[in-house]
Amino acid sequence: MKKVNAHLHALHKSYLFSEIARKTQEYQAAFPSAQLLRLGIGDVSRPLASAVVRALCAAGEEMGRTETFRGYGPAQGYPFLREAVAASYRKMGAGIDAEDVFVSDGAKGDCASLPELLDFQSVIAVCDPVYPVYADSARMAGHPILFLPCREENGFFPEIPEETPAAVYLCSPNNPTGVAFSHEQLAPWVSWAQKNNVLLIFDSAYRDYVRSKDRVGSLFELPGAKEIGIECCSLSKGAGFTGLRCGWTVVPRENRWGLHDLWLKRQSTKTNGVAYPVQRAAEAALTEGAADCARDVAYYMESASLLRQSLEKAGYTLFGGEDAPYLWLKTPQGQSGWEWFDTLLKEKQIISTPGEGFGTQGAGFIRLSALGAREEIEEAARRLSAR
Ligand code: PLP
């Protein structure tokens, strides 16, 4: 083959988690009895709700009987799940129609594929620091990227740029900084997008973690957002589906560029959807299992709150942890995130994620995840408090 996609070569080598793993393995080999606390990776630790497991097994049984067997499902997902998703939006005060829901195997793939809706030359804006998928997948497709700095002085919220991009990714509650948009902070983005013809891609993968009344759970809580917005969401963090895989993207038919029909075309061309038993499990997570899933989210948020309070008491400067399971900690003596990562590993046996892994503006910060077991979080709080 003569030509490969040169944009793949241009991608920053994603060494973040492999570098963390390498450093951790080296340390563990040198100190085999060390009790390492893993607060680096943002994966969940609670098992699936029993209603979800029941639905998964029952649907598996259905697949094994001639009368109830199902082959290919509808390209957009089964109506029973799209209805359950739409009902979950109605509870948040966002009137989403089931027709506008596209079921997928999670938010990551959808976030990564949405730039296909745009002309490949068009500029895509992302926050810095950022969940790396947005920037890397836009880069892979050859889009120029505009970075929107999110700094301590602006509370880690981006400012509306002077240059007008074709699309902007916004993530709330945010990974990695843990902050979430209020209605007042998000409303100017919607008005600006309407006025300047900008597509807003809103990632609400952590919507179930919102605790503060004034913070949004969905872009579609804002009037006018359906015209210019698309939302990606997932059951990974709200229902423990990181291993099961199910999410969705909402592309309203009101979209002013006709993106609903184009996304339908794209999806039916490129995917045959999500396994029937997984869609039944997802339906259960949003209906009869919802209370159990909410209890698990509450568990993680209690851990976040416990960690936050202990660290504040110990004098750390930190952000997030109130509407998201992530704490964004400033390094105490102006070290880089990687330097403090090394210190925490060697002196406290705690694994964190260096802020530099999320963008240049992440330098001087680390991310701690509260998604692990409570005992680990309590022990991490104790070790970090003993300064
Ligand atoms: N969006 C954000 C902001 C995330 O942090 C993650 C996972 O960590 C995802 C999307 C991916 O979610 P999913 O497991 O649904 O692909």
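The buried residues of helix α12 are C293, D296, V297, Y299, Y300, M301, S303, A304, L307, R308 and L311. Buried here means under 20% relative accessible area, exposed means over 50%, and partly exposed lies in between (1.4 Å probe, protein chains only). The model is predicted: local features need pLDDT of at least 70, side-chain atom pairs count only at pLDDT 80 or more, and totals for chains, interfaces and linings use all residues. Residues are numbered from 1 along each chain as its sequence is written, and side-chain values use heavy atoms, with hydrogens and water left out.

Helix α12 covers residues 290-313. Helices (H or I, at least four residues) and strands (E, at least two) are DSSP runs, numbered from the N terminus. The 24 residues of α12 reach 34 Å from the first C-alpha to the last. This is close to the 34 Å expected at 1.5 Å a residue; the expected span is 1.5 Å times one less than the number of residues. An α-helix has 3.6 residues a turn, so residues three or four places apart point the same way. The cover over the buried residues of α12 includes α9 (236-239), α11 (276-286), β9 (318-320), β10, β13 and α14 (374-385). Contact means heavy atoms within 4.5 Å. After α12 comes G315, with a positive phi near 95 degrees.

Strand β13, part of that cover, spans residues 365-369. Of its 5 residues, 5 are buried, so β13 is largely enclosed by the rest of the structure. F365, R367 and S369 point one way from the strand. I366 and L368 point the other way. Strand β10 (residues 326-330) runs antiparallel to β13 and is joined to it by 5 bridges. Two strands pair if DSSP finds at least two bridges between them. L329 has I366 of β13 as its bridge partner. Strand β12 (residues 353-354) is also antiparallel to β13, with 2 bridges. Here T353 is partnered by R367.

Strand β8 comprises residues 247-250. G247 and T249 point one way, W248 and V250 the other way, and all are buried. Strand β2 (residues 101-104) is joined to β8 by 4 bridges and runs antiparallel to it. V103 has W248 as its bridge partner. Strand β7 (residues 229-234) also runs antiparallel to β8, with 4 bridges. The partner of C232 in β8 is T249.

A side-chain N or O atom of D203 is 2.6 Å from a nitrogen atom of the ligand. K237 places a polar side-chain atom 2.7 Å from a ligand oxygen. A side-chain N or O atom of R245 is 2.7 Å from an oxygen atom of the ligand. Taken alone, the ligand exposes 400 Å², and the protein buries 91% of that. Accessible areas come from the Shrake-Rupley method with a 1.4 Å probe; for residues, only the protein chains shown count as cover.

S113 lies in helix α5 (residues 107-113). This residue is buried, with a relative accessible area of 14%. The S113 side chain reaches the backbone oxygen of G109 at 2.8 Å. A polar contact is a pair of N or O atoms within 3.5 Å; within protein, one must be able to donate a hydrogen and the other to accept it, and residues adjacent in sequence count only if both atoms are side-chain atoms. Leaving aside neighbours within four places in sequence, S113 is in contact with W263 and R266.
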